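Dear colleague,

Please find below the structure that I am handing over to you, together with its sequence. My findings follow directly after it.

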Amino acid sequence: MLTKKEQRLRRARQTRIRIAQQGVARLSVNRTNLHIYASVFSEDGTKVLATASTAEAEVRAQLGAAGKGGNVAAAALIGKRIAEKAKAAGVEKVAFDRAGFAYHGRVKALAEAAREAGLQF
């Protein structure tokens, strides 16, 4: 019997294999109860080109006194930030890697905000 985390990682593995075959930069998302993290990896997957998360002091200040990173509004903010940072690093096209998380709620909000900010995937 697989644990919940093992099931998610098993789902993620298939996606990562497919993305590696595409030869395009990968926008990876990780979601915890408190925070959401996004990273853009190079085409070969060896280098991290950009990161954004609700754990950053700058972002926490923007989120206000509560500093809640575990909601849709915070995820949308991170989506916008990761798109800006990726474009600054010279990345326009990415493959979205939801890391086995359902495309729903915070993961969806992050993806849509990144698209609106100009990332193509």
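Of the 121 residues of the chain, what percentage count as buried? The share is 41%, where buried means under 20% relative accessible area, exposed means over 50%, and partly exposed lies in between (1.4 Å probe, protein chains only).

Please note that this is a predicted model, in which local features need pLDDT of at least 70 and side-chain atom pairs count only at pLDDT 80 or more, while totals for chains, interfaces and linings use all residues. Residues are numbered from 1 along each chain as its sequence is written, and side-chain values use heavy atoms, with hydrogens and water left out.

Overall form

The chain holds 4 helices and 4 strands, in the order α-β-β-β-α-α-β-α from the N terminus. Helices (H or I, at least four residues) and strands (E, at least two) are DSSP runs, numbered from the N terminus. The radius of gyration of the chain is 14 Å, which agrees with the value near 14 Å for a compact globule of 121 residues; the radius is taken over C-alpha atoms, and the globule rule is 2.2 Å times the number of residues to the power 0.38. Along the principal axes, the C-alpha trace spans about 40 × 40 × 20 Å.

Charged side chains

There are 22 positive and 10 negative side chains, and the centres of the two sets are 8 Å apart. Lys and Arg count as positive and Asp and Glu as negative, without His and the chain ends; each charge is placed at NZ of Lys, CZ of Arg, CG of Asp or CD of Glu.

Strand β2 (residues 36–41) has 5 of its 6 residues buried. It runs antiparallel to strand β1 (residues 25–31), with 6 bridges joining the two; strands count as paired if DSSP finds at least two bridges between them. Within this pairing, Val-29 has Ala-38 as its bridge partner, and a hairpin of 4 residues connects β1 to β2. Strand β3 (residues 48–53) pairs with β2 over 5 bridges, also in the antiparallel sense, and Ser-39 stands opposite Thr-51. The hairpin between β2 and β3 has 6 residues, and Gly-45 in its turn has a positive phi of about 75 degrees.

Ala-76

Ala-76 belongs to helix α3 (residues 72–88) and is partly exposed, with a relative accessible area of 28%. Beyond its neighbours within four places in sequence, Ala-76 is in contact (heavy atoms within 4.5 Å) with Ala-109 and Ala-113.

Yours sincerely
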